[in-house]
Amino acid sequence: MSRLLEFATETVRGLITRRVRVKSDTIPYFCENVPRRKILNAVRTEVSVYFKPLYPWGWPTHLEIEPSTLCNLKCSLCPVSSGLQRPQGFMEFETFTKILDEVGNYVFTLLFWGWGEPFLNPRAFDMIAYARAKGVKVISSTNGHLFAREEFADRLVRSGLDSIIFAIDGVTQTSYERFRHGGNLETVLQGIRNVAERKKALGSRTPLINFRFIVMAQNESEIPLVKKLAPSVGADALTFKTLNPDNEDFYSHQSSDFTEGKMLIPKELRYRRFKAGARGEPRIHRRHNPCKQLWNDPRIHWDGTVVSCSYDPLGRYPLGNLRDGSFWEIWKGEAYRNMRRQFRDNWSRMPRCCDCSYAWEGGSCSHEVIAESIFYDKETGNGEDYRV
């Protein structure tokens with residue numbers, strides 16, 4: 001009841017002020033002058049999430065788009081390194097604009113990433129600017145190497161991107177390249193410095209620079225050093241993310257160096273993703289899966305293929321392709337309806353959902369997977385007041 005009351009209160013406040021706060025990875029994003037139809041659609045979508053109809057009652061409020069499946073690194077925990085087993089390439093600008101023209105009036109946040117380095121796409125900055133012009137908050141993630149070039153850093157800031165994650169899992173070259181094969185730590189750090197410098201020169205508060213550190217047993221001892229390093233290179237925030245150690249999960253067995261997910265589990269409990277059972281169980285299975293993605297958060301691969309979530313990196317469960325029709329037709333189509341029916345009836349029997357992070361206590365990707373967030377806001381000093 002308290003959650004329902006809070007949602008109702010936030011809705012009324014948003015309709016009056018036309019100001020809405022949304023969160024991604026514990027970072028708040030403040031949407032100003034939001035059209036009331038966008039807020040009312042969010043209400044319909046949230047009600048759909050609660051009742052789980054086969055036909056959703058609203059448009060998605062969040063979206064993930066894959067600009068590229070190509071990457072300049074071969075990270076040991078990424079399925080791109082071992083081959084996605086599907087065609088690879090860059091999303092065409094026309095495909096991107098088609099998506100935004102149809103759903104942009106309803107979407108609050110766009111995750112501009114997928115399985116690859118987003119900024120290898122030659123139209124990446126144009127795509128970001130196009131989405132921002134429609135009032136969509138855009139968040140992206142990068143391995144950071146391209147931004148060692150000042151031109152790329154300048155274009156990033158000018159694009160209007162709201163937030164960017166720099167993925168760095170080591171504070172020395174030795175620890176960094178253990179996971180980020182082919183990468184150079186100093187190149188990434190220079191990329192962060194360049195973006196911070198261009199923000200200052202252009203008088204821009206965006207993008208928020210999020211220094212991301214995935215905590216594992218092999219780098220856990222470096223956490224104190226990371227906390228000193230992040231602000232020194234110009235990061236606005238530091239977030240510690242937990243790793244899914246499930247042996248059946250594609251994150252944990254992409255490299256012969258890590259054949260057992262247990263090898264990656266850190267000693268400190270707060271940096272472990274899943275809650276352990278009182279009787280010694282390594283994980284506690286949820287009774288109710290909190291995932292909302294079938295009703296409010298689709299994923300679109302570079303070639304226009306729509307899938308339900310990022311736990312389908314190989315595209316084995318396509319729900320339609322934008323080359324063959326509109327997103328709305330796919331969103332209300334038979335494939336989506338069948339998958340919603342399966343999830344509603346018994347999600348624990350679905351091949352992806354039964355081992356998804358959401359299936360276990362502590363694994364909700366929307367908030368629980370971030371173990372700790374530190375903000376370096378010069379004005380307020382905390383994330384709740386940081387205006388992104």
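Q: How many disulfides does the count come to here?
A: This is a predicted model, and a pair of cysteine sulfurs has to sit within 2.5 Å to qualify as a disulfide. Take Cys309: its closest cysteine sulfur, in Cys356, is 6.0 Å off, so that's too far for a bond. Cys365 has its closest cysteine sulfur in Cys356 too, at 5.4 Å, again too far. The count of disulfides comes to 0.

Q: Is Cys309 buried or exposed?
A: The cut-off for buried is under 20% relative accessible area. Cys309 comes in at 11% relative accessibility, so it counts as buried.

Q: Which way do α4 and α5 run relative to each other, roughly parallel or roughly antiparallel?
A: Helix α4 covers residues 93–103 and helix α5 residues 124–133, and their axes come within 10 Å, crossing at roughly 15°. Angles under 35 degrees go in the parallel class. So α4 and α5 are roughly parallel.

Q: How many of the residues in the contact of α4 with α5 are nonpolar?
A: On the α4 side you'll find Phe93, Phe96, Thr97, Leu100 and Asp101, and they meet Asp126, Met127, Tyr130 and Ala131 of α5. Of the residues in this contact, 2 are charged and 1 is polar, and the nonpolar ones number 6.

Q: What is the handedness of the crossing where α4 passes α5?
A: These two helices have axes that cross at roughly 15°. As α4 passes α5, the crossing is right-handed.

Note on methods
Residues numbered from 1 in each chain as written. Predicted model: local features only at pLDDT ≥ 70, side-chain atom pairs only at ≥ 80, totals over all residues. Heavy atoms only, no water. Buried < 20%, exposed > 50% of the residue type's maximum accessible area, 1.4 Å probe, protein only. Axes fitted to C-alpha atoms, helices over the stretch in contact; angles between N-to-C directions. Helix = DSSP H or I, 4+ residues; strand = E, 2+ residues; numbered from the N terminus. Parallel < 35°, antiparallel > 145°, perpendicular 65-115°, else oblique. Left-handed = near helix turned anticlockwise from the far one by under 90°. Contact = heavy atoms within 4.5 Å. Nonpolar A, V, L, I, M, F, W, Y, C, P; charged D, E, K, R; others polar.
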